[in-house]
Every structure is written in C-alpha cells, then in structure tokens.
Amino acid sequence: MHVRQARSLGSNFLGYVWYLRDTRKLNKRTRISRVISSLHLLGLLRDYDPSLGSLGFFTLLMADETSSGTGTDAGTSTESNQRTTKPGTKRLFLTVSILVSFLLGVPFLLKSTEIHRSPLPSAAISSLSDHLQSKPPSFPCHFQAIFLSPSIQPDSSLSLAIAEKLYAHLTTQTCGNCNFTFSATVDSGSSCHHLGNAPSDACQWRCGGAGLVDAIADRDDREVDELLQSTVNKRTGGCAGRVYSVFVMEGERERVVVGKHRHAWMVLKRLDDSASVGSMIGTVFGDYFMRGGVGKGEHVPVGSDGNVVLSFSLLNSNPSDWVYDWGFQMTGEVLLGPVMEALAPVANITIESQVLYHAPKSSTSYWDDKLEVYVVNTRDLPFFVNSNEWHLDTSLSASGRSKVLQFVVYVPSASECPLYIRTPEGEKSKTNSFISPMWGGVAIWNPPGCSLQSQGTPLVRDSLPPQELEKIIEVFIGQLRLLFGLNSNYVESNPIYKFLASEKGFTDWELDLLYRQHTCFNLLSGLSTLQSLSRLVESLPRMIVMDEIGKQVELSLEAANLAERNISHGINNASALSSTRARALAEDAFFHPSIMSISYSSMEHYFAIYMPFFAPVTLHVLLAAMKEVKRYYAERSKYLTFCASKVKSS
C-alpha cells in the first residue's frame, strides 16, 4: 500500500511531505524504513546499499549524480551526450567545504591532544656527566713542610720519600683526590731555602718563623695548635684554606702531634736522615690529611634531599624496676650544636629525642663470674635491637627521602644489671656501646648501684645525670664519626703520635675529607639522576614535563657547575654545599608528583583510540569529494564540447 501511494505521489513534493507526516504514529525503525524506500522511489537512493549503514546513506545522498536541482540530466541531452548549460558549483562547493572543514579541524585535534613538555638541557647534562666520568673531581691541595732548624737541608731524597707516600694513596682513590703540590722550606729566621713548587706566591711560606721553637717550648699542645694556626694564616694567608703544613723541629723527646686545624708538628732527634724524615712527613700528609686515617673512603649516604635526622631515644627496659628521664634539649642539643654546624655543608641535620618504656632487648645476656657482671657477646649484638618492641620510627620531620640515624640509650632491667658488652678479648667494653651500619648506634647505661638485689625495691623515678648524658653524647659523636667513615678516635701503635680533638667533633682536615668525598658523590649521583630523567623523557614522547621540572633541572645543573668551579679554587665547604643542592634538586625533579601520578601511553595507543572513529568518516568524506570533483569536470567537459560544436556549426 505504501509503495502504491509513493508511486502515485511521484515527484509531488507536498504530497510526499504529507505522506511522511503519517509515519509519526509508527515506531522509529518503521519510520526510517519508510523514508529510505520513499527516497529510493524518488530516484535519490539509486546506488544505496542498506549494508552501508547511516553513514553510507548520507554520503550517497550528497554524492548522487541524479539528485534534483543540479543533477546530471538537468541540462544534458542523452542522445548527443552533450550538456547545453554550464554545470553548477553548489554541490561541489558543499562537498569540498566539508572536506576542508575536516582538514581545518586536524590542527585543533592535535592541539587538544598536545602534551606540555618543558625542554630539558639534555646536551648539557650529557656533556657535564661525560666530563666528570672521564676526569673525576680533583681538589687542589698544597702540602708544605717547614723545618724550623738549619741543621737539615731538604734534598731530592726528602721530596722522593714524601712523594711516594702521597702517590701511593692516589692509586687507591679516584674520586675526590687531592691534586697536590709539595714544597719544603728551611726557615732559619734571616733567610729561607725552598724546595719544590708552591701553587702561587701567596701559598709560599714566608720567612720569620724560627722563633716559634722558643715560643712553643713551655706551652701545652692546644696552645701550640692555636699559635701555629695564627702563624700559618699570617704567612700563607692567601690560600690558607687548602694548605696543609707540617712543622719539623729538633729535640730530645720525639713526638708527632696532629692538630685540629690543617697542620701538625713533629719533634725529632735526628734530622740528617732525609729519607726517614720524609717518610714520616709523607705519612702525616697521605694517611691523615689526604685520607683521614681510614683505609676506605666510605661514608654514610646522606638522604637524597640532603637531610639527616638524628633521633635520640632513651629506652627503659622494665619500668617496674626504675624509670629514667633526661633533659636532652638542655644538654644534648647544646653539645651537638657545633657538630651540626660543622656538617652543615654535607647535610642539613635535625635532632629529635624521645623516651620509651617497656623496651627489652632481643638478645640474651648471662652472668660472667670473672667480670662479675652480666655480659652480651659481640656475636649477639646483631640481635640486640628489638624491632618489635622498640618503636623508634616516629619521626615527623623526616620526609620519604631523608636519612634517619637512630641513637639509643638502653637502660637494662634489674634482672640483668649491670650489663656490659664483652669484647673478643674477654674484657668489658670501655664505651659499652656499638654501632649498626646504616642504622645508628646503641649505648648501654647502667643505673648507679644497680644489682640483682635491687629487685623488689620501690619504683625509682629519676633523671639521667647531666654528667652521664655528656659522656653518652661523646660516645654518640664517636659513633657518628664511624658512620661517616672516620675513626671514632685515633689510637696509634706508635706511641709518639698524638691527635688533638675538636670541640666540633670533627677536625678541619677531617671535614675537608668529608667535603671532598661528599662533593664527588653528590655530583656523580645527581648527574646520574639527571641522565636517567633525560632518558625517561626521551623514551616517552607523551610524557608531561612541567615547567617546574625543567626549572629544577636547570638549577641542578647550575649548582653542579658552581660546585665544579669551587673545586677548582679549593673551596671545599662551598663545593660540598653546592653539590648537595645539585643532588637534591635532581632528586626533586625525578620524583616530581606530576611524573609519578600519571600513566603514560605510546603514540600507537592514541592511534588505536582515535582511528576507529576518524578513519571511516575521513575516508567517506574524501571519496565523496573525489567523486564530486570527477563529476564536475565530466559535466564541464560535456558543456565545453557542446560550446565547441555550437561554434563550429555556426
């Protein structure tokens, strides 16, 4: 019935509209079927294939050559296959405009899916890293020996003996070396005899120090140390920060004193044996001033952000026996203040303290009849720390990349008091403490008068005496030195050696060693992090790189270059500070939250998302445009043929 109605309507447009108005009462699928069948009868969908779907329907609707108004048959003679009217451009314009709109939308699509990537100086990172790998940082150091006695004349054997000691250490340490120079001077008061080369005239010892022998005769070692320090500053003030001096004097009592600054002095009976004297001078220069008296240059890795938290805890094993508190803020922080100031170029140190109760140890102790105390063997010390009961990780000031060092004062219960650590030689430990590498240290403190008979006595509440706390802090400073790769104290088999301690916990020449080591470590670690970040960004083209990350990378490179310039000038503390900042900025850039919180996909992933939608649409629009252009030029060719035949016939 519908087919007969559509045929009867024919090309009557008003009747066709009236016919379609009746389809509103039908369902959606029937209405669409009626519209398509009607258009097919009108000649508009002669080439339509229902399998093409709605997209093919609208494409054929635009590109059908027999559509009304501007169809091919409008001005074409079927018998002569010629066109008598000029073909219109409306349909061509509409088809091409749709294609152009698709092409114009491509930049907007690319812009909408664009990933912001701050440029990283990859070339500068690679250049600086290759430079440091091929030529590790080397610090300028000048070693000078000053003989305050005219009875010795420095010769080649003296220089050779000293050089052998110094070069022996350069073969075992590559990063943070001393690029040293050496000079020897005999100061007789009125004149000086120099051997070797100083890096500059400002570093050359100036005469006039012969009177030091009489000035230091009646003074103690600490006064002599300060006197020599002021003398060195006056006579080599131009480069006092990187000059290490050994003063050699003649006397009956042989002794070698290494001061807390950058000098030492030795009193020898015989100065005519240049090789022996040179070997002793080279030992001081090489073993101590260059390497800090340690076999390996290892040190505790400071947190990647340059922060170290020193957490001090007082542990009461059994509060039912006694409870001890401490005034750590009044005593401990005052004693540790100089240490924090000395280590400031290496790490930003913060201190916290706490008191814990019911914190028994894990290892067992037993009574030693010989020592008449409870003892813990050294082989049981790895099990001393009770990680289940010692709730030490309570730091609120430490971020995820900060280093936390635990220092514990353990107060034993009455059932195991007094408690001592027994050495392998069977003796009681003098400090009654031990360290755990990469973790911290433990010191055992026995309350005064504690014994097994103290069980059952009333509960004692007391505070740790300030004198005892000072002794414990000194032990902890020694443990901190060990954790940083230095000796807790220098005990030489040769009794003529003596080392002066510093109130800062670290002498100047020890700090120079730490500055050199940490500068080298921080530079190499920071540049390795920057290289990893650069490779990561290059491997993920769709990775977002925020401007903040780019700024942090640039500041890290600037700090690394500044540290390298400070190294060349021998400014050890400034180079350590700059290198710490360079590494911290590199770590901040690598672990930026915008990098860690986003899942990145490759370009193929985006093609897989967008191609199923854009490829079919673009293909049909392109084919329709090509077909319309071909049709237009075919109709235009017919019209030109008609015009030519008309001109020819006339």
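**Close-up views of a predicted model**

**View 1. Lys-498 and Asp-221 meet through their side chains in a salt bridge, 2.7 Å from N to O.** This is a predicted model. Lys-498 sits in strand β19 (residues 497–499) and Asp-221 in helix α9 (residues 221–235), so the pair ties together parts that are 277 residues apart in sequence. Lys-498 is partly exposed, at 37% relative accessibility, while Asp-221 is buried at 11%.

**View 2. Arg-83 and Glu-635 form a salt bridge, with their closest N and O atoms 2.8 Å apart.** Because Arg-83 belongs to strand β2 (residues 82–83) and Glu-635 to helix α17, the bridge ties together parts 552 residues apart in sequence. Arg-83 is buried, with a relative accessible area of 5%, and Glu-635 is buried too, at 2%.

**View 3. Glu-510 and Arg-481 join side chains in a salt bridge of 2.6 Å, N to O.** Here the partners come from two helices, Glu-510 from α13 (residues 508–539) and Arg-481 from α12 (residues 466–483). Both residues are buried.

**View 4. Helices α5 and α17 pack at an angle of about 145°, their axes 9 Å apart.** The contact includes Leu-99 and Phe-102 of α5, and Val-621 and Val-629 of α17. The crossing of α5 past α17 is left-handed.

**View 5. Val-96, Val-100, Leu-104, Val-629 and Tyr-633 make up a nonpolar surface patch, with about 410 Å² of accessible area together.** Helices α5 (90–112) and α17 (603–649) each give two or more residues to the patch, and α5 gives the most, with 3. Val-100, found in α5, is partly exposed at 37% relative accessibility.

Technical notes. Residues numbered from 1 in each chain as written. Predicted model: local features only at pLDDT ≥ 70, side-chain atom pairs only at ≥ 80, totals over all residues. Heavy atoms only, no water. Patch = residues over 30% accessible without salt bridge, like charges linked within 9 Å, V, L, I, M, F, W, Y side chains within 5 Å. Areas by Shrake-Rupley, 256 points an atom, 1.4 Å probe, with all protein chains shown as cover. Salt bridge = Lys/Arg side-chain N within 4 Å of Asp/Glu carboxyl O. Helix = DSSP H or I, 4+ residues; strand = E, 2+ residues; numbered from the N terminus. Buried < 20%, exposed > 50% of the residue type's maximum accessible area, 1.4 Å probe, protein only. Axes fitted to C-alpha atoms, helices over the stretch in contact; angles between N-to-C directions. Left-handed = near helix turned anticlockwise from the far one by under 90°. Contact = heavy atoms within 4.5 Å.
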